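Dear colleague,

Please find the structure below, with its sequence.

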Amino acid sequence: MRLFEMFTSAPDSIGQNLQQRLGEAHSDSPLLLATGTDLVLFPGGGRPPTSVDIRKGTKGFFEITAVSHLGLAIPYLARLRELGDLGCKTAARELIAQCRVVQDFNSVSYWRDEVAVTAWRGHEEKITDLVDYTCATTADYLERAVENPKLLNFEYMRANLLEGDGADAVAVPFNDMMAATFALSALDSLHRSLKWLHEQSIDWARLMVIVAGRAGRPSAGLTWQTNNVCPLLYEASNHELDPARLIIAPTAPAIELEQLTDNEASARAEAQYRRFWYGCLSSVEMSRLMWPGYPAFRKGIDQTPVVDSDTEVVDAMPRVRSVHDKRAIVTRLRYVMEDPGAQIATAGMQFVLDQLSVNGNRPELVEIPGFTYTTYPVGSRR
């Protein structure tokens, strides 16, 4: 046991000592910590860290997400009814009432002057229409469904609520609405994140990255393809970030942003994360020194399939090729629901990130699926 401990597990072991020395030798290398809600950059060389909220940094996140969820609420209530839940009618009536409250509250001035999301500037009137239409349609559909259970049949719902190709179809399919709200949320968070990252003058080739903690569901975001942050950083770096220097570590220690305001606490946190990074990757450096003549490992980061009319299954998140690529757009909605390893918000991210990247992070040039070329009927909004 002592022989085992001497190399790996004792505080003064050979492995632990190498990790500490490597951390000290590269203490001036930039280190980026990404949590489920924030990016924290430790520039290195004793310089103070900086951070940005990447998920809930504006009021609009909760508002647009709440509306997006209405596309799931009706099918979920239908499934509860099938399972004999006695409270589903009460839940439906409460949802109807809250939809009416939101309709009364919803206005162009609210989205323009109070929410005031920079990336949504110029879209406020259309967002108001989308919100009014979604709330009105949800309330109307549920009011009729309480009296007519036929409306809660999944075949009927798919044709007339989600797809919009049935005889009793709603004006705008809820698939379009969900695609639009996912993309609007992504547009805001990606625009703010890219802006902050471009302002930091990061040496991307030397950057050490830890994606820490929980990202959505407990099972989500554990690979490059299913984690929102990985493609964001790769695009922000203009593909200069070495994927091998990014680790996804749900077990990494948590950080409280209040620590960053205290110099000593911030320094301790930085040292802790540097030790953690080298604790994971010191073996990489050693393997390259020990076996340079043998095949090397390369992290695969582009495994995105393209779906067409014949595609029946996918084992990775499909790529959206245009704002009109509806089959891929809706397949991504299904994928993030069906794969427990996927982050839900990833559904609307790829196409928006691609457009922001090629358009110099200018949100006004982004085409939004289910929104840019979709007209939401004007109802009772004011």
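Helices (H or I, at least four residues) and strands (E, at least two) are DSSP runs, numbered from the N terminus. The model is predicted, so local features need pLDDT of at least 70 and side-chain atom pairs count only at pLDDT 80 or more, while totals for chains, interfaces and linings use all residues. Residues are numbered from 1 along each chain as its sequence is written, and side-chain values use heavy atoms, with hydrogens and water left out.

Helix α4 (residues 70–82) is followed by Gly-84, which has a positive phi, near 80°. Buried residues of α4 (under 20% relative accessible area, against over 50% for exposed and in between for partly exposed, with a 1.4 Å probe and protein chains only) are Leu-70, Gly-71, Ala-73, Ile-74, Pro-75, Leu-77 and Ala-78. Their cover includes α3 (60–68), α5 (88–105), α7 (124–147), α8 (154–162) and α9.

A nonpolar core is a set of buried Ala, Val, Leu, Ile, Met, Phe, Trp, Tyr and Cys residues joined through side-chain atoms within 4.5 Å. The largest holds 81 residues, and Leu-32, Trp-120, Leu-197, Leu-233 and Leu-241 touch the most other members. Helix α9 (residues 174–198) gives the most to this core, with 13 residues. Apart from this core lies another, of 18 residues, including Ile-247 and Trp-277.

As for open space, a pocket is an open set of points on a 1 Å grid over the protein atoms alone, where a 1.4 Å probe fits, with protein on both sides within 12 Å along at least five of seven lines; lining residues have an atom within 4 Å of a point. Volumes are the space filled by probe spheres set on the points, which are joined across faces, edges and corners.

The largest pocket has about 980 Å³ of space. Of its 29 lining residues, Val-330, Leu-333, Arg-334, Tyr-335 and Glu-338 lie nearest the centre, and α12 gives the most to this lining, with 10 residues. The second largest pocket has about 820 Å³. Its lining has 35 residues, with Arg-55, Phe-61, Asn-228, Ile-344 and Ala-345 nearest the centre; α9 contributes the most here, with nine residues.

Kind regards

How values were computed
Contact = heavy atoms within 4.5 Å.
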